[in-house]
Amino acid sequence: MTRSATNGGRQRVWLAFAGIISGIGIWGTHYTAMLGYSPGLPTRFDTGMASLSIAATIVLSTAGWTFATSYRSDRWGGEAALGGLLVGLGLVAAHYIDMLGMSVAGHIYFDFDLVAKSVGAGLTLCVLAGWLVYGQRMKRYPVLASIALSLGILSLHFIGMAAIRILPDPTIIVTGSALGIEQLGGVVVTIAVAILSVGFAVAVYDRRLSGQSRLGAERLATSSAALRAIEEHYRFSIDANTQVPWVADATGAMIEIGPLAEVLTDMPIRALMGNGWRACVHDDDAPGLAANSPFEWREGAVIDSRYRIRQRNGKFRWFRSRGSARRSLDDGRLLWYGTLEDIDDQVRASAALSLSEQRYRLALQATDEAIWDWRHDTDWIDWSEAVGSQLGYLQAQAGTPLSWWSERLHPDDRTRVVQELDTALADGSTRWGSEFRFRKADDTYADVYSRGQIVRDDDGLPVRTVGAMLDISERKHVENNLRWTATHDALTGLPTRSLFSEQLAEALTVGGDTDERVGLILLDVDDFKMVNDTLGYAVGDASLRLLGDRLVKLVPASAIVGRLGGDEFGVILPGISAGEAWLASIAQMLAELNAPFVLDGQPINIKASIGGAVWPLDGATAEELLKSAAIALNSAKSEDRAAIRTFNGDMRVMIETQAAMLTQARAALENDRIVPYYQPKIDLATGAIAGFEALLRWNHQAYGLQPPSGIAAAFEDMSLAARLTDRMIDCVARDMHNWLAAGVNFHKIAVNGSAVDFLRGDFSDRLLGALHKADVPPSLLEIEVTESVFVGRLAKHVERTLNALSEAGVTIALDDFGTGYASLSHLRQFPVDVLKIDKSFVHKAAHISDDDIAIVRAVVGLAKTLKITTVAEGVETMEQAVQLRAVGCDLAQGYLFNRAVTAAKVAGLLDAPRFVVDREACQVLC
């Protein structure tokens, strides 16, 4: 028999003795205590129940100590506590079975609260005793266990006896085969002696066995010490190893696993034991794990699996399990011995590397660039697949020498590109890039852009250059198209002003080299606005396109034609001769250019004016030459239609004068030197002042007050004209406010509005806003407009603006009537309240001529029919005033009555006597 078997047999014998002794001890303690209990009545104990109680106590005590010694858990000692509970149940059985077998001359009652307390106290202390003896693996507490067991026995007995209440009853006679109190002592003494005898015999036997095994124990101690050294060496080896050893049975159920597994997997060891480890495997890995784990009954089989294990925090980590099948040394079973290794970091690193490589492969496949890697020690270039797919060189994917690349550079680019590359390699640069043409496999050239990163050694010498070459042919084509679009007119295909100016500068440079003159022609279509207004923009665009085509055909092949904007064209004529030949060539071109042409079956008559200049006579630079030609063109358009003018010095004086006017106007606005003067309007019937017209005056910094003719050019400039009108409106509104505040009855003030003002969409809002700001009623203002604003594309916009002003209460006056294009339809279309007869019909002589007075009479008659007030301008003599009153003209203004005065003098004029129109004083009567 082996030693372990011997020890196991001795343990079972001692457990049996412990159970018997504990049972008898509990029973004996109970009956010993009963000797001290005397209810004062005859008391006997049934022998059968006494035998049953001692038997139950012995059986339960033996079972309890046996169960407690089978304890294996590392944590809480549950088996030991349950063993103590069985012992406690034996104690309860001994006491209350005996109580049921007790006979007494009276009635026995139980206090069940105390019964429950006695049972609870007894069981609790017995459980504690069992846990103290076997519940701690490293330390045991036999003394404390004994005390707890004794207290449990005593607590149950005495609390249980306190729960009994006996009521004497003389009628009850205690009889039968039962022990009395006087016989109970002998039984207890006999049992105690028997316990001591048996215990002594067992002790002697155990001592003998101990003596025989002392020598074996000494030998065992020596062997154990050696075994502990081996175990310690093994334990330290295992602790230092990052791999976890494990042992599994043939089915893969874990039998043993190293404690490091708890650290690596963040799972308790018990969760991994058995088949618990399979429940922790990731669902995606479980099927493959079953297929790749050959748990077979054969020696030498191996497994190598990778799978993810779920940790307590719910996350997964990768592990590698490797093992082989071997037979155990003790029982010869086929077991699996292996190791578990945490490879999560390796797997993730490998996955990241694979992902990076995949991204690199995909990037190479997705890009159109031919990636190249040039090693300088061998002058060998490795190419990506794009060198075949993009450039057609499939064989180059295996690599090429450097010379293969340089040979395919365009001959015109080769020297430059090689020099740029050599310079970058020599000057320590880390980057190189160049744009050039590269011959493809089909012998066509592609525009490419190549760039590279230069890798250098510790000495700064280039060892490797890695880069990419991209085919940019399509992009270059698009860029060229965009460049052409940016520099050429979309309608005619001719160069725009910016390109035309560059070409003019180049022509002047060539002319300087060849000592040849260069002519410049600027051409502008006369009244082209009328074409758009009458025939529509589509016809206008088609006309410009045909005009451009005709112009290109008329000029020499060396000439350059451009569209400079709108209906303006330019022509550069290199190598011309000045003088009559130059003018003759221009005249001939203009004659052919102005010939009618047919568009969609409809004849179109377009006339153009031309201004010309010659380099270097009329300008040393392209900018100066353009200015000279523009001056000549303006002169041609101002003097006549379809005219030709070449530049001369007088034209420059005129332009300089206009520029000076614009400068003076800006200075007057910036320095607040614009002031309104007020000329009265006289009622011809009464001689009273019926209102005033505000006339613009400006103060020159040196010459004082000036008429508007000194800045006449400003009224043709859109920006300055609008600013001048705004300044006049603000000043007049301020003066009107002051007059109202002073109680001056000025009747109505007229202010002029130009065509430029009506181009602004906010003119009515601006005018009414100024009046509102000055707190002046709109009914006190009159706006004068000329006939020219009523015609053309402005008509609709003017109509909306005038209607808005009229609805607000502003009076609308049509100025210079009879000299423009206004007709009766305009008087019906627009809200006209006043007609101003132009002074050209009035002040030609001291009296108005018969023809002019006839026109005035007709105008007045028309106005009276339409209920429109008439005002005559430029009245300078009494004869003119009498004639106007005679034909029924309502109002008149002019030097006869008064010149324009400042705002401060308006009140004085209103207080002066009325003007008398004396018919007798006239020598010429109507």
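A residue counts as partly exposed when its relative accessible area falls between the buried class, under 20%, and the exposed class, over 50%. By that scale, Lys-627 is partly exposed, because its relative accessible area is 49%. The model discussed here is predicted.

Lys-627 has a charged partner. Its side chain meets that of Glu-623 in a salt bridge, with 3.9 Å from N to O. Both residues belong to helix H20 (residues 622-639), where they sit four residues apart, about one turn of the helix. Glu-623 has 54% relative accessibility and therefore counts as exposed.

Side chains of opposite charge can pair when their charged atoms come close. The count of salt bridges in this model comes to 27. Another of them joins Asp-443 and Arg-439, at 3.8 Å from N to O. Asp-443 is exposed, because its relative accessibility is 57%, while Arg-439 is partly exposed at 23%.

The salt bridge between Glu-784 and Lys-836 has its closest N and O atoms 2.9 Å apart. This pair links distant parts of the chain: Glu-784 lies in strand E28 (residues 781-786) and Lys-836 in strand E30 (residues 834-837), 52 residues apart. Glu-784 has a relative accessible area of 1% and so is buried. Lys-836, at 0% relative accessibility, also counts as buried. Through salt bridges that share partners, Glu-784 and Lys-836 are joined with Lys-681, Glu-693, Glu-782 and Glu-873 in one network.

The next element is a sheet. Six strands form an open sheet with antiparallel pairing, in the order E13-E12-E11-E16-E15-E14. Its edges are strand E13 (400-401) and strand E14 (431-439), each of which pairs on one side only. The partner of E13 is strand E12 (residues 380-383), and the two pair in the antiparallel sense over two bridges. Within this pairing, Ile-381 stands opposite Thr-400 in E13. Helix H14 (residues 411-426) packs on the sheet and touches strand E11 (370-375), E14, strand E15 (445-456) and strand E16 (462-471). The direction of H14 makes about 165° with that of E14.

Two further helices can be looked at in turn. Helix H4 (residues 112-134) contains Gly-130. At 0% relative accessibility, this glycine counts as buried. The C-alpha atoms of Gly-130 and Gly-83 are 6.1 Å apart in space, although the two residues are 47 residues apart in sequence.

Most residues other than glycine have a negative phi, and most peptide bonds are trans. His-747 is not a glycine, yet its phi is positive, at about 70°. This histidine is found in the loop between H22 and strand E27 (749-753). Its relative accessibility is 34%, so His-747 counts as partly exposed. Lys-867, also not a glycine, has a positive phi of about 60°. Lys-867 is placed in the loop between helix H27 (850-865) and strand E31 (869-872). At 78% relative accessibility, Lys-867 counts as exposed.

From Trp-615 to Pro-616 the bond is cis, with omega near 5°. Pro-616 lies in the loop between strand E22 (608-615) and H20, and H20 is the helix that holds Glu-623 and Lys-627.

Is His-282 buried or exposed? With 16% relative accessibility, His-282 counts as buried, because the cut-off is under 20%. A polar atom of its side chain lies 3.0 Å from the backbone nitrogen of Asp-284. Leaving aside residues up to four places away in sequence, His-282 touches Arg-308 and Phe-316.

Conventions
Residues are numbered from 1 along each chain as its sequence is written. This is a predicted model: local features need pLDDT of at least 70, side-chain atom pairs count only at pLDDT 80 or more; totals for chains, interfaces and linings use all residues. Side-chain values use heavy atoms; hydrogens and water are left out. Buried means under 20% relative accessible area, exposed over 50%, partly exposed in between (1.4 Å probe, protein chains only). A polar contact is a pair of N or O atoms within 3.5 Å; within protein, one must be able to donate a hydrogen and the other to accept it, and residues adjacent in sequence count only if both atoms are side-chain atoms. Contact means heavy atoms within 4.5 Å. Two strands pair if DSSP finds at least two bridges between them. Axes are lines fitted to C-alpha atoms, for helices over the stretch in contact, and angles run from 0 to 180 degrees between N-to-C directions. A salt bridge is a side-chain nitrogen of Lys or Arg within 4 Å of a carboxyl oxygen of Asp or Glu.
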